[in-house]
Amino acid sequence: AKLRALSARCKTKPPVIEAREDEELSKLAACTRVLLAAAGPYQRCGEAVVKACVEQGTHYVDVTGEIVWVHDIIKKYHAAA
C-alpha cells in the first residue's frame with residue numbers, strides 16, 4: 001500500500017509490479033532499461049531476476065554483499081549478457 005501511494009504521487013505514475021514467477025519477472029525486465037534489485041537474500045531469490053534481465057537485455061544492479069553468489073552468477077550469465 002505504501003509503494004502504491006508513493007507511485008501515485010509521482011509525476012510519471014510508474015507502475016507498481018509484484019513479480020514472483022519467472023513470467024512476471026520477464027515482463028518486469030522487459031518494461032525497463034535498468035532493474036535495481038534490493039531484496040535478498042540473493043542466493044535464494046536473485047538468480048531468477050538476473051536470468052530475466054539477461055533474457056530481456058536489461059541492465060541489472062543490486063546491493064548484495066554475497067560475494068560467492070555474485071561470482072557464480074557472473075560465471076553463469078556473463079557470456080549471454
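# Checking the labels

User: Where does K13 sit?

Analyst: K13 is in the loop between α1 (2–9) and α2 (22–30). Keep in mind that this is a predicted model.

User: Why is K13 called exposed?

Analyst: Exposed takes a relative accessible area over 50%. K13 comes in at 51%, so the label applies.

User: What makes the bond between G40 and P41 a cis one?

Analyst: Look at omega: for the peptide bond joining G40 and P41 the angle is about 5°, and the bond is cis. In general, most peptide bonds are trans. As for location, P41 is found in the loop between β1 (34–37) and α3 (42–45).

User: Let's move to the helices. How is a packed pair described?

Analyst: By the angle between the two axes and the distance between them. For α4 (residues 47–56) and α5 (residues 67–77), the axes come within 11 Å and cross at roughly 30°.

User: Why is α4 called roughly parallel to α5, and not roughly antiparallel?

Analyst: Roughly parallel takes an angle under 35 degrees, while roughly antiparallel takes one over 145. The crossing angle here is roughly 30°, and therefore α4 counts as roughly parallel to α5.

User: Is that crossing left-handed or right-handed?

Analyst: Right-handed, for α4 and α5.

User: Which residues make the contact?

Analyst: On α4, E47, V50, K51 and V54; on α5, W69, I73, K76 and Y77.

User: Zooming out, how many helices and strands does the protein have?

Analyst: Five helices and two strands. Along the sequence, they follow the pattern α-α-β-α-α-β-α.

User: What share of the protein is buried?

Analyst: Of the 81 residues, 21% are buried. To count, a residue needs a relative accessible area under 20%.

User: What is the accessible surface of the protein?

Analyst: About 6300 Å², with 57% of that belonging to carbon and sulfur atoms. The C-alpha atoms fill a box of roughly 40 × 25 × 20 Å along the principal axes.

How values were computed: Residues are numbered from 1 along each chain as its sequence is written. This is a predicted model: local features need pLDDT of at least 70, side-chain atom pairs count only at pLDDT 80 or more; totals for chains, interfaces and linings use all residues. Side-chain values use heavy atoms; hydrogens and water are left out. Axes are lines fitted to C-alpha atoms, for helices over the stretch in contact, and angles run from 0 to 180 degrees between N-to-C directions. Helices (H or I, at least four residues) and strands (E, at least two) are DSSP runs, numbered from the N terminus. Angles under 35 degrees count as roughly parallel, over 145 as roughly antiparallel, 65 to 115 as roughly perpendicular and the rest as oblique. A crossing is left-handed if the near helix is turned anticlockwise from the far one by less than a right angle, and right-handed if clockwise. Contact means heavy atoms within 4.5 Å. Buried means under 20% relative accessible area, exposed over 50%, partly exposed in between (1.4 Å probe, protein chains only). Accessible areas come from the Shrake-Rupley method with a 1.4 Å probe; for residues, only the protein chains shown count as cover.
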